[in-house]
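User: I would like a close look at one part of this model, with the rest of the chain as background. Please keep it plain.

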Amino acid sequence: PVVLAEDAPYQGITDYTVVPAADYTVRITTADRAVTVGDFTAPLAGAGGGAVTVLASGYLSPPSDDLPAFALLAVFGDGGTAILPEAVSNEDGNGALPETFALRGNYPNPFAATTRIGFDLPQDADVSLRVYDVLGRTVAEIAPTRLAAGTNQTFDLDASSLASGAYVYRVEAQMGTETRSETGRMTVVR
């Protein structure tokens with residue numbers, strides 16, 4: 001991967017960089033590069049010769065629904081704009097697949113209506129999700145879905161029907177004859 005900007009400060013601007021018009025994946029990490037905030041698809045092949053400015057904005061954990069979640073916005077030389085969609089990456093930055101199944105947690109947390117649950121898969125798997133209330137009852141689920149191996153695989157959970165409170169969720173991956181699962185906690189706030 002090519003690094004276009006490093007150590008961009010909060011409310012800062014990085015130097016102008018010239019790159020060929022192409023489709024890119026823009027990876028945003030924390031300052032220490034320990035956590036990937038997200039990979040974003042930047043379909044810029046059609047920008048041939050034009051200028052594009054990419055702005056990062058929003059809250060990583062919005063404190064309320066009326067505040068925007070983190071996103072990237074591309075502004076083109078002709079005045080057009082596009083929100084860059086978050087991509088599901090099958091690589092972890094060095095081209096290797098993850099070695100183990102790992103739950104990455106959910107974001108945002110706490111949340112009001114929807115959250116994204118991330119995990120790594122070392123091989124293709126049938127993955128399911130169950131959400132439990134404090135009494136251990138299943139209150140939401142996503143049926144087994146076939147997903148490709150890779151990092152940053154996700155499920156989007158619509159929890160708009162759940163009451164405010166704490167919940168436990170379990171992500172289960174059936175990989176061949178092996179089943180792996182991990183649990184996490186989430187909080188719904190209305």
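Which residue in β10 is the bridge partner of R130?

Analyst: The bridge partner of R130 in β10 is E141. This is a predicted model, in which local features need pLDDT of at least 70 and side-chain atom pairs count only at pLDDT 80 or more, while totals for chains, interfaces and linings use all residues. Residues are numbered from 1 along each chain as its sequence is written, and side-chain values use heavy atoms, with hydrogens and water left out.

Strands β9 (residues 125–132) and β10 (residues 138–147) run antiparallel and are joined by seven bridges. Strands here are DSSP runs of E with at least two residues, numbered from the N terminus; two of them pair if DSSP finds at least two bridges between them. Five residues separate β9 and β10 in a hairpin, and G136 in its turn has a positive phi of about 85°.

Confidence is given as pLDDT, the predictor's value for each residue from 0 to 100. Among the elements of the chain, β9 has the highest mean pLDDT (96), and strand β6 (residues 86–87) the lowest (64). Over residues 89–94 the pLDDT is below 50, yet this stretch has 17 contacts (heavy atoms within 4.5 Å) beyond near neighbours in sequence. The chain averages 81, with 86% of the residues at 70 or above.

Elsewhere, three strands form an open sheet in the order β3-β4-β5, with antiparallel pairing. β3 (52–57) and β5 (81–84) stand at the edges with a single partner strand each, so one side of each has no neighbour in the sheet. Six bridges join β3 to β4 (residues 71–76), and S57 stands opposite A71 in β4.

Note on methods: Helix = DSSP H or I, 4+ residues; strand = E, 2+ residues; numbered from the N terminus.
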